[in-house]
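Subject: Structure for you to look at

Dear colleague,

I am passing on the structure we talked about, together with some notes that you can read alongside it. Please open it first and keep it in view as you go through the points that follow.

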Amino acid sequence: MRLAGPQSAASVLARRRPTATRPVARPRTSRCVTRAKLAEGKEPVRDKKMDPAELKQARQSVQATMDAESAPGWVDRFNGEARKGSDILVQALEREGVDTVFAYPGGASMEIHQALTRSETVSNILCRHEQGEIFAAEGYAKVTGRVGVCIATSGPGATNLVTGLADAMMDSVPLVAITGQVPRKLIGTDGFQETPIVEVTRAITKHNYLVMDINDLPRVIKEAFYLARTGRPGPVLVDVPKDIQQQLAVPDWETPMSITGYMSRLPPPPEPAQLAAVIKALKGAKKPVIYLGGGTLDAAPELREFVRRTGIPVASTLMGLGTFPGNDPLALQMLGMHGTVFANYAVDQADLLIALGVRFDDRVTGKLEAFATRSRIIHIDIDPAEIHKNKTAHIPICSDVRTALRALNRLLEAEPIDPSLYAAWVAELNAKREQFPMRYPDREDAIAPQHAVQALYEETNGEAIITTGVGQHQMFAAQWYPFAEPRRWVTSGGLGSMGFGLPSALGAAAAFDGKAGRPSRVVWDIDGDGSFLMNCQELATAFIEKLDIKVLLLNNQHLGMVVQWEDRFYKANRAHTYLGKRESEWHETQDEADIYPNFRLMAESFGVPAERVIRKDDLRAAIRRANATKGPYLVEVMVPHIEHVLPMIPGGGTFKDIITDGDGSVEY
């Protein structure tokens with residue numbers, strides 16, 4: 001909208017002052033407090049309002065969290081003197097314990113970068129694109145559980161963060177994105193590189209701020225971090241005009257947060273009646289299954305104890321991998337569209353589904369009406385908007401999963417359940433596992449992508465942090481690289497953002513670089529040629545920052561997942577899914593000169609050592625050379641484009657529609 005005069009500009013400014021507003025909540029259902037009678041199969045009872053005692057408890061929890069996460073030993077290096085707003089901003093980051101940011105400078109953010117050079121505790125990883133930096137911040141957050149931080153300039157710099165913000169919102173990633181903005185007097189005038197980024201991102205952030213008063217900066221940053229990491233985590237954007245960055249002020253670090261409405265809506269611990277309903281349901285079940293998701297990542301010890309006490313089999317979503325050990329006898333591995341037959345069978349046949357930190361998304365459920373139709377459902381999730389949203393829960397508990405599992409474990413300790421109660425059910429699932437094991441064609445004339453991932457798992461002893469782009473390679477990685485611990489698996493789940501793998505590996509490697517007391521761990525990006533190309537410029541960042549990132553590039557010269565759907569549902573008609581040379585396709589000519597682009601030369605142009613593997617016998621040696629090389633390394637593996645990710649339940653299908661064999665060489 002163009003402004004006709006000063007009055008219009010003032011109205012726009014008034015409309016865009018969200019610092020005093022309440023955080024934007026996701027669409028809410030009721031708080032979903034249940035009573036013990038739900039265990040008897042009666043209809044769910046909707047919630048009651050939080051009483052004063054619960055509100056007091058929630059506020060005490062808030063204050064305890066704030067106290068626990070303050071940076072220890074922080075000292076004001078300005079000794080109480082006035083300093084620029086940009087320095088106040090950087091000091092606020094220091095006070096939150098931030099040690100790494102991912103920032104790309106520009107005209108409206110250069111003051112912040114100048115202030116970063118004056119910080120002794122915050123270092124910047126200079127990614128080569130703003131999308132790269134926000135994906136890196138996500139990678140950092142996903143492997144540490146801490147808030148990731150990225151900084152961009154106004155206009156195109158800010159809009160380049162949009163995909164990452166949407167990605168973090170979908171995957172519940174704690175993130176604070178800081179953007180520079182044109183000076184306050186230019187807001188609403190279509191100034192150079194002006195974008196109303198608060199309005200642009202309102203629907204894809206947990207909350208956002210436009211800072212119009214320098215005195216609000218300490219409070220806003222404190223609130224932004226608190227909002228990002230509490231409740232259901234998510235991204236928060238803070239937009240800071242350039243003149244605010246340049247203005248001098250003495251910050252008041254003790255200014256209290258002003259988000260009491262949000263704090264009052266944080267769910268309290270589950271009630272005893274709710275927990276009793278769960279225990280009663282467990283005792284009455286014959287075929288229970290745990291269905292866990294990304295909301296359980298910080299509850300791994302409690303979950304494992306719960307499984308040990310009950311003997312209930314566990315199926316995981318893509319985002320929950322690693323919470324429960326993938327090689328455990330009770331692990332059914334991944335469920336859903338590309339989940340195992342036995343995991344999907346378990347959910348289809350179960351009489352009790354214990355859903356922990358999940359949202360019943362379409363890639364898991366397929367046709368909702370046919371999903372878990374034999375089950376009574378226990379749904380524990382911290383976000384009230386997810387309870388009953390897609391699937392009605394018989395025992396809904398709006399609570400932090402970790403808190404709920406701790407309480408359930410205490411009850412099970414006092415009143416144990418004999419794990420042999422479900423022995424017949426576990427035996428039934430094991431029989432299904434033997435009937436439909438995970439398998440792939442072990443070809444001698446080519447390297448199957450599944451074989452490449454399996455070889456990487458064995459050569460890294462399953463101890464690497466794995467990141468991925470989006471596509472077939474992502475699913476192959478999820479299926480064939482089992483994780484023993486949480487936060488070793490970094491992928492774009494809900495949004496499915498191609499180009500995520502390499503930059504997210506930067507963030508993971510920065511968190512485990514072995515410097516400043518941080519632990520050291522190797523990071524492998526399992527990527528596809530189409531996805532890798534979308535952010536291949538971050539090879540420069542990996543080289544300059546000397547980050548220990550390895551890339552296993554599964555190159556089939558196609559957009560593999562789309563090709564798979566073309567094969568299955570479009571009579572193999574290729575609609576712009578081939579990425580190589582039009583005049584000569586490598587899969588037909590087998591001439592290396594026809595492989596396009598030349599990723600080995602691309603990597604070497606960035607200073608990153610690389611090699612190409614075509615023969616199966618050469619694969620493991622290449623992986624070992626990469627592991628033995630300090631710093632970044634790229635291993636390009638040529639794989640057949642006809643290979644399909646299996647099992648597969650077609651979109652909107654049911655367990656009865658599951659596909660277990662075939663590839664692109666077959667006509668469907």
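Below are my notes on confidence, on a helix and the strands around it, on a sheet, and on some aromatic side chains.

Please bear in mind that this is a predicted model. The pLDDT averages 91 over the protein, and 90% of the residues score at least 70. Residues 1–50, however, have a pLDDT below 50, although this stretch has 119 contacts in the model beyond near neighbours in sequence. Where pLDDT is low, the predicted coordinates should not be read in detail.

Helix α18, which spans residues 449–459, is mostly covered, with 8 of its 11 residues buried. The buried residues are Pro449, Gln450, His451, Ala452, Val453, Ala455, Leu456 and Glu459, and among the elements that cover them are α19 (472–480), β17 (523–528), β18 (549–555) and β20 (633–638). After the helix comes asparagine 461, which has a positive phi, near 55°.

Strand β18, one of the elements that cover α18, is itself mostly covered, since 7 of its 7 residues count as buried under the 20% cut-off for relative accessible area. On one side of the strand these are Ile549, Val551, Leu553 and Asn555, and on the other they are Lys550, Leu552 and Leu554, with both faces covered. β18 pairs with β17 in the parallel sense over 6 bridges, and here leucine 552 of β18 stands opposite isoleucine 526. β18 is also joined to β20 by 6 bridges, again with the strands running parallel, and lysine 550 stands opposite tyrosine 633 of β20.

Elsewhere there is an open sheet of 6 strands with parallel pairing, in the order β3-β2-β4-β5-β7-β6. Its edge strands, each pairing on one side only, are β3 (123–125) and β6 (207–210), and the twist from one strand to the next averages 25°. Within this sheet, strand β4 (residues 148–152) and strand β5 (residues 175–181) run parallel and are joined by 5 bridges, with valine 149 having valine 176 in β5 as its bridge partner. Helix α9 (residues 217–229) packs on the sheet, where it touches β4, β5, β6 and β7 (235–241), and its direction makes about 165° with that of β7.

Leaving aside residues up to four places away in sequence, glutamine 131 touches Asn160, Thr163, Met498 and Asn535.

Turning to the aromatic rings, the count comes to 14 pairs. The rings of tryptophan 74 and tryptophan 253 have centres 5.4 Å apart and planes at 75°, so this pair is edge-to-face. Tryptophan 74 lies in the loop between α2 (52–68) and β1 (83–84), and tryptophan 253 in the loop between β8 (248–249) and α11 (260–265), so the pair ties together parts that are 179 residues apart in sequence. Tryptophan 253 counts as buried, at 11% relative accessibility, while the charged end of arginine 95 sits over the ring of tryptophan 74, 4.8 Å from its centre.

Ring pairs also link Tyr457, Tyr481, Phe483 and Trp489 into a cluster.

With best wishes

Methods
Residues numbered from 1 in each chain as written. Predicted model: local features only at pLDDT ≥ 70, side-chain atom pairs only at ≥ 80, totals over all residues. Heavy atoms only, no water. pLDDT = per-residue confidence, 0-100. Contact = heavy atoms within 4.5 Å. Buried < 20%, exposed > 50% of the residue type's maximum accessible area, 1.4 Å probe, protein only. Helix = DSSP H or I, 4+ residues; strand = E, 2+ residues; numbered from the N terminus. Pairing = 2+ DSSP bridges. Axes fitted to C-alpha atoms, helices over the stretch in contact; angles between N-to-C directions. Phe/Tyr/Trp six-rings, centres within 6.5 Å; stacked < 30°, edge-to-face > 60°. Lys NZ or Arg CZ within 6 Å of the ring centre and 35° of its normal.
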